[in-house]
Amino acid sequence: MSELAIRGTQTAVMIGRSVRLSRRNIDALLVSLVLPVLLMLLFVYLFGGAIETGSAYVTYVVPGVLLLCAGFGAAGTAVSVTTDLTEGMIERLRTMDISATAILAGHVVASVARNLVSTTLVLAVAVAIGFRPAIEPLRWLAAAGLLVLFLLAVSWMSAAFGLLARTPEAASGYTFLVMFLPYPSSAFVPVETMPGWLRGFAEHQPVTPVIESLRGLLLDTPVGSAPARVVAWFLGILVVAVVLSALLFRRRVA
């Protein structure tokens, strides 16, 4: 068997392991699925009446909630990687000559899968309470592609945080940045309503073009250069996160 085939088999085994662990951790799974839905309902019914966006608030807020899903899933990825390190699981896996890429890819792919499930659930609930997306298939495919790129980049970055942290609690804290970024963006209020000093940050941080792209693609409105900026931002973040994860893995298991 070729080296490439061996690495592929190892990665598939590690993905299966991480998915099974996710299914068995019922509490964490329920939180990652239910909490984004509860947050969307909170924003729509508690704050939506006081926020003017030019359309129904549920229509405006759905893309931001989708990215919050990714933040919660990212926290789980970081914690899982750190737990494997602190409990000695990675050392045992390495005695079987399983590559670092396969081990980390298992956690990353499981994170993306969890997030896609929670995204589907959020969209279903959003439609039930009034969200009416466009039905053009190409726009849905483009939105899905950008969302998967975002999820991959965030999940690999969280794996790096998990390798950097010394305890699962610290790993969860490191991912706070990922969960925080949707708030100072166009996710929940128009950027134009923010103070000038905050507006500059909101317009130029990486999450805002993701939200604008998803909003435009799902609602069949112009997206401008936002998708290109998403690709530039998150391909760069993905490359840096993968390289950083490899370097941190060698340092931790050396």
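The dialogue below goes from the overall fold to single residues.

Q: What kind of model is this, and how are residues numbered?
A: This is a predicted model, in which local features need pLDDT of at least 70 and side-chain atom pairs count only at pLDDT 80 or more, while totals for chains, interfaces and linings use all residues. Residues are numbered from 1 along each chain as its sequence is written, and side-chain values use heavy atoms, with hydrogens and water left out.

Q: How many helices and strands are in the chain?
A: Helices (H or I, at least four residues) and strands (E, at least two) are DSSP runs, numbered from the N terminus. The chain has eleven helices and zero strands.

Q: What does the radius of gyration say about the chain?
A: The radius is taken over C-alpha atoms, and the globule rule is 2.2 Å times the number of residues to the power 0.38. For 254 residues a compact globule would have a radius near 18 Å; the chain has 19 Å, which agrees. Along the principal axes, the C-alpha atoms fill a box of roughly 60 × 35 × 35 Å.

Q: Where does UniProt place the feature "transmembrane region"?
A: UniProt positions are given in the numbering used here, feature names are shortened, and annotations may be inferred rather than shown by experiment. The unreviewed UniProt entry places the feature at residues 28-51, 57-81, 102-129, 141-164, 171-191 and 230-249. In the model, residues 230-249 are 100% helix and 0% strand, with end C-alpha atoms 28 Å apart. Residues 171-191 are 43% helix and 0% strand, and their end C-alpha atoms lie 31 Å apart.

Q: Is Thr59 buried or exposed?
A: Buried means under 20% relative accessible area, exposed over 50%, and partly exposed in between (1.4 Å probe, protein chains only). Thr59, in helix H3 (residues 57-86), has 16% relative accessibility and so counts as buried. Of the 254 residues of the chain, 48% count as buried.

Q: Which residues does Thr59 touch?
A: Contact means heavy atoms within 4.5 Å. Leaving aside residues up to four places away in sequence, Thr59 touches Phe131 and Leu219. Among contacts in the chain between residues at least 6 apart in sequence, 78% join residues at least 24 apart.

Q: Which residues are linked in a network of salt bridges?
A: A salt bridge is a side-chain nitrogen of Lys or Arg within 4 Å of a carboxyl oxygen of Asp or Glu. By this rule the count is four. Glu136, Arg139 and Asp220 are linked in a network: the N to O distance is 3.9 Å for Glu136 and Arg139, and 2.9 Å for Arg139 and Asp220. Arg139 lies in helix H6 and Asp220 in the loop between helix H10 (207-219) and helix H11 (226-253), so the pair ties together parts that are 81 residues apart in sequence.

Q: Where do Arg215 and Glu212 lie?
A: Both are in helix H10, three residues apart, about one turn of the helix. Arg215 forms a salt bridge with Glu212 at 3.2 Å between the closest N and O atoms. Arg215 is buried, with a relative accessible area of 10%, whereas Glu212 is partly exposed at 31%.

Q: Which residues form a nonpolar patch on the surface?
A: Patches are made of residues with over 30% relative accessible area and no salt bridge; like charges are joined within 9 Å, and nonpolar side chains (Val, Leu, Ile, Met, Phe, Trp, Tyr) within 5 Å. Accessible areas come from the Shrake-Rupley method with a 1.4 Å probe, and for residues only the protein chains shown count as cover. Leu30, Val34, Leu35 and Leu38 form such a patch, with about 320 Å² of accessible area together. Leu30 lies in helix H2 (residues 26-47).
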